[in-house]
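Thanks for coming, everyone. Take a look at the model on the screen, and then I'll walk you through it.

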Amino acid sequence: MTFEDIFLKLSQKFPQAILGKEETKPDASIKVSPEGIRAVIQFLRDELQFETLHLVSGVDYPALPALCVVYHPGSYTHKIVLSLKVYLPRTDEAKVQSVCDLFKAANWHERETFDMYGIQFVNHPDHRRILCPEDWQGFPLRKDYVTPDYYNGMPVPLFFEESTPSEGGTH
Amino acid sequence: MGPGDNVVLTTMDDVLNWGRSNSLWPLTFGLACCAIEMMATGAADYDLERFGCGVFRATPRQADLMIVAGTVTLKMASRIRMLYEQMPDPKWVISMGSCSNKGGPYWQEGYHVLKGVDRVVPVDIYVPGCPPRPETLIEAIMMLQKKIKVQEAALGPLGFMRKQA
């Protein structure tokens, strides 16, 4: 089964959720609506022999503006890895349904996507930051992220002007 | 204190420094890829045990040398400080590799990296390299041993015969 076959099957099954094809390189990707992504991934897993979810990650498009969640379900039967893109509004309230119960692999990937982009995953069993400290402010992989001058009293930039830290102890 | 005491004190220094410098027990502190080189230094080919320095301890309470081998993230920095404070005096720190010296490749865009471990603990020897080869780490340990051998072990700032102010 090729990409075109899968795209056709998905479009017939989910005419509302599948928003179209995007000619990304090297492989094309499928645009999916935020409401339909869970059903699409469940259909891929149960009907189209997509046994694994390789990756869940995020992209920030400040020009659109949009936040994007990218899913990479893979099939060993058809020897293909799809990429599904879900576009969300570029706010702190960007939300999408979690797919943790369908693929356990999604758990940490969704946590990392939340950690880096601030995208909320509804019904995630353990929804908190994974890499950054729990008291970290902001979402580092957003394009408009500004590196803080101090974290817990420690200066962050390599070259910095000595000043009184606004909060926290001194090390 | 008479003139003869100096001879005793100098000898005391020598004995203590000889003991300290030849039984450095490092704290297992591998943070990133430098740790692989540190392990290689401790393994059979390079054999850190020749310098009395091969007893890697898993607890700071039994260690007197901290080899910070790898990228120090801001999340880890406060833990490093805590482990350093748990080590008994006298204690020394080797900063191994570019990351722990000055941030390494994360010097500009690394929002999460502490730009130099000397911002949280005092460093005795800096080892350049990305990562440094085992010979470089051995050289650093030998330099540290030289540094320890000229310390005032008995009456100096860390000496056990130091008078309390």
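Start with K91(B). Its charge lies over the face of Y84(B), at 4.3 Å from the ring centre. The criterion for a charge over a ring is NZ of Lys or CZ of Arg within 6 Å of the ring centre and within 35 degrees of the ring normal. Chain A has a case too: K31(A) lies over the face of Y87(A), at 5.3 Å from the ring centre.

Quick ground rules. This is a predicted model, where local features need pLDDT of at least 70, side-chain atom pairs count only at pLDDT 80 or more, and totals for chains, interfaces and linings use all residues. Residues are numbered from 1 along each chain as its sequence is written, chains are lettered from A and ligands numbered from 1 in the order in which they are written, and side-chain values use heavy atoms, with hydrogens and water left out.

Now chain B as a whole. It has five helices and four strands. Helices (H or I, at least four residues) and strands (E, at least two) are DSSP runs, numbered from the N terminus. The order from the N terminus is α-β-α-β-α-β-α-β-α. Of its 165 residues, 44% count as buried. Buried means under 20% relative accessible area, exposed over 50%, and partly exposed in between, with a 1.4 Å probe and protein chains only. Take contacts in chain B between residues at least 6 apart in sequence: 75% join residues at least 24 apart. A contact means heavy atoms within 4.5 Å.

Next, strand β2 of chain B, residues 65–69. Why call it largely enclosed by the rest of the structure? Because five of its five residues are buried. In a regular strand the side chains alternate between the two faces of the sheet. Here both faces are covered. L65(B), I67(B) and A69(B) are buried on one side, M66(B) and V68(B) on the other.

What does β2(B) pair with? Strand β1, residues 26–27 of chain B, pairs with β2(B) in the parallel sense over two bridges. Two strands pair if DSSP finds at least two bridges between them. P26(B) stands opposite L65(B). Strand β3, residues 92–96 of chain B, runs parallel to β2(B), with five bridges joining them. There, the bridge partner of L65(B) is W92(B).

Now the crossovers. β2(B), helix α3 (residues 74–86) and β3(B) make a right-handed β-α-β unit. Right-handed means that, with the strands pointing away from the viewer, the path from the first strand over the helix to the second runs clockwise. β1(B), helix α2 (residues 34–42) and β2(B) make a left-handed one.

Over to chain A. Helix α1(A) has buried residues F3(A), I6(A), F7(A) and L10(A). Seen down the axis, they fall within an arc of 100 degrees, so they line one face of the helix. That arc uses directions from the helix axis to the C-beta atoms. The face turned away carries exposed L8(A) and Q12(A).

Last, aromatics. Rings of Phe, Tyr and Trp (its six-membered ring) pair if their centres lie within 6.5 Å; planes under 30 degrees apart count as stacked, over 60 as edge-to-face and the rest as tilted. The count comes to seven aromatic pairs over all chains. F3(A) and F7(A) have ring centres 6.3 Å apart and planes at 5 degrees, so the pair is stacked. W136(A), Y145(A), Y151(A) and Y111(B) form one aromatic cluster.
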